Amino acid sequence: MELFRGKIEKVFNLALFGSTHDSKKHGKVHLSSALLECFATLSSKSRDEEIEDFIYFILDIYQFHGVPVAVSELDLDQVNSLLLD
């Protein structure tokens, strides 16, 4: 589960802080166990749109709290492949 956490948090770090992410300056994304479980329990039969909606929901929460979101840095294909492996 920790390997999965690392992979999914890396994707969110890119979306939130961009490819020039400096963890000392900006910190790191740490998804709660509840959100991680939600990701892990998504069915492999989930449509891409459902997975994307969940991801954008989480990113919207960060944006609501003043964290700039670099949506162009988000690779949804990478996220989908992580979730479906």
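K10 is found in helix α1, a helix being a DSSP run of H or I at least four residues long, numbered from the N terminus. K10 is exposed, with a relative accessible area of 54%; here exposed means over 50% relative accessible area, buried means under 20%, and partly exposed lies in between, using a 1.4 Å probe and protein chains only. The C-alpha atoms of K10 and K28 are 8.9 Å apart, although 18 residues separate the two along the chain.

Before we go on, a word about the model. It is a predicted one, where local features need pLDDT of at least 70 and side-chain atom pairs count only at pLDDT 80 or more, while totals for chains, interfaces and linings use all residues. Residues are numbered from 1 along each chain as its sequence is written, and side-chain values use heavy atoms, with hydrogens and water left out.

**The whole chain**

The chain holds 5 helices and 0 strands (a strand would be a DSSP run of E with at least two residues). Read from the N terminus, the order is α-α-α-α-α. Of its 85 residues, 33% are buried. The chain exposes about 5600 Å², and carbon and sulfur atoms supply 53% of that area, calculated by the Shrake-Rupley method with a 1.4 Å probe. Contacts, meaning heavy atoms within 4.5 Å, also tell us about the fold: among those between residues at least 6 apart in sequence, 62% join residues at least 24 apart.

**The core**

A nonpolar core is a set of buried Ala, Val, Leu, Ile, Met, Phe, Trp, Tyr and Cys residues joined through side-chain atoms within 4.5 Å. The largest one here has 20 residues, and those with the most contacts inside it are I8, F12, L31, F39, I55, L59 and L74. At least two core residues come from each of α1 (2-17), α3 (33-40), α4 (48-64) and α5 (76-84). Helix α1 gives the largest share, 7 residues.

**Two helices side by side**

The expected span of a helix is 1.5 Å times one less than its number of residues.

| Helix | Residues | End-to-end C-alpha distance | Expected span |
|---|---|---|---|
| α1 | 16 residues | 21 Å | 22 Å |

In α4, the buried residues are I51, F54, I55, I58 and L59. Seen down the axis of α4, these buried residues fall within an arc of 130°, so they line one face of the helix; the arc is that of the directions from the helix axis to the C-beta atoms. An α-helix has 3.6 residues a turn, so residues three or four places apart point the same way. D53 and F64 are exposed on the other side of α4. Just after α4, G66 takes a positive phi of about 90°.

**Around L31**

The buried residues of α1 include R5 and E9. R5 has a relative accessible area of 8%, and E9 has 7%. Leaving out residues up to four places away in sequence, R5 touches H30, L31, S33 and L36, while E9 touches V29, H30 and L31. What lies 2.9 Å from a polar atom of the side chain of E9? The backbone nitrogen of L31 does.

Terms used:
A polar contact is a pair of N or O atoms within 3.5 Å; within protein, one must be able to donate a hydrogen and the other to accept it, and residues adjacent in sequence count only if both atoms are side-chain atoms.
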